[in-house]
Amino acid sequence: MRQICVIFSLILCFFFTNANSALAVKESSNVLKQPVTEIKVSLGNSANELKFEPNNWELVAGKRYLLRLNNPSQLKHYFTAKDFADGIWTQKIEAGKVEIKGAIHELELKPGAEAEWVFVALKPGKYGLRCPIPGHTEAGMTGEIVISD
Ligand SMILES: [Cu+2]
């Protein structure tokens, strides 16, 4: 019985956490209709250097963004920023002819791939970004994303 209670509270907790961020998005004056600020980020480059370009950028909580990711290199790369993904509200991700809705934590971009990530920045903080392919993080394929108040 106690276990059931714990599980139930966890579910409730999860529900309210999500409901709160959705509510926050709704309340902040049609935040989903505001024009997007575009940010372009390359994963690697044509010289196959292992880095994000740019490797740090700043967002403002409550603002809506379009993050344009592309991979101009001959290697595949990941965009991995799990805490960042928890600090934003993802409206959609478009890649090819597919549009994905809901929470996303990690993207893999094959050589030549592009993806567009539309989201609202929510939770202020400093978030790490990296490509976890063996050797890439170590070679400096990391970055930092700041969400300010
Ligand atoms: Cu990589």
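These are my notebook entries on a predicted model of one protein chain.

**Entry 1: conventions and confidence.** I number residues from 1 along each chain as its sequence is written. Because the model is predicted, I take local features only at pLDDT of at least 70 and side-chain atom pairs only at pLDDT 80 or more, while totals for chains, interfaces and linings use all residues. I looked up pLDDT, the predictor's confidence in each residue, from 0 to 100. The chain mean is 87, and 81% of the residues reach 70 or more. Over residues 4-19 the value stays under 50. For that stretch I found zero contacts beyond four places in sequence, a contact being two residues whose C-beta atoms, placed from the backbone, lie within 7 Å.

**Entry 2: inventory.** I took helices (H or I, at least four residues) and strands (E, at least two) as DSSP runs, numbered from the N terminus. The protein chain has two helices and 11 strands, in the order α-β-β-β-β-β-α-β-β-β-β-β-β along the sequence. Of the contacts with a separation of 6 or more, 75% join residues 24 or more positions apart.

Entry 3: I counted two strands as paired if DSSP finds at least two bridges between them. An open sheet of mixed pairing has six strands in the order β2-β1-β4-β9-β6-β7. β2 (52-53) and β7 (98-100) are the edges; each has a single partner strand, so one side of each lacks a neighbour in the sheet. β1 (residues 37-43) and β2 run antiparallel with two bridges, and Ser42 has Glu53 of β2 as its bridge partner. β1 and β4 run parallel, joined by six bridges; here Val41 is partnered by Leu69 in β4. β4 and β9 are antiparallel over seven bridges, with Arg68 opposite Glu116 of β9.

Entry 4: I called a residue buried if 20 or more other C-beta atoms lie within 10 Å of its own, exposed if 12 or fewer, and partly exposed in between, with C-beta atoms placed from the backbone. Buried residues are 21% of the 149 in the protein chain. The largest one has 23 residues, of which Leu43, Leu69, Phe79, Ile88, Leu109, Ala121 and Leu129 touch the most other members. Two or more residues come from each of β4 (64-70), β8 (106-109), β9 (114-121) and β11 (142-148). β9 gives the most, with five residues. For Ile88, I found contacts with Phe119, Val120, Ala121 and Leu122, leaving aside neighbours within four places in sequence.

**Entry 5: β5, β8 and Tyr78.** β5 and β8 pair antiparallel over four bridges. Tyr78 is in β5 (residues 77-80) and stands opposite Glu108 of β8. Is Tyr78 buried or partly exposed? Tyr78 is partly exposed, because 19 other C-beta atoms lie within 10 Å. Beyond four places in sequence, Tyr78 touches Glu106, Leu107, Glu108, Cys131, Pro132 and Ile133. Tyr78 and Cys131 are 53 residues apart in sequence, yet their C-alpha atoms are 4.8 Å apart.

Technical notes
A nonpolar core is a set of buried Ala, Val, Leu, Ile, Met, Phe, Trp, Tyr and Cys residues joined through C-beta atoms within 7 Å.
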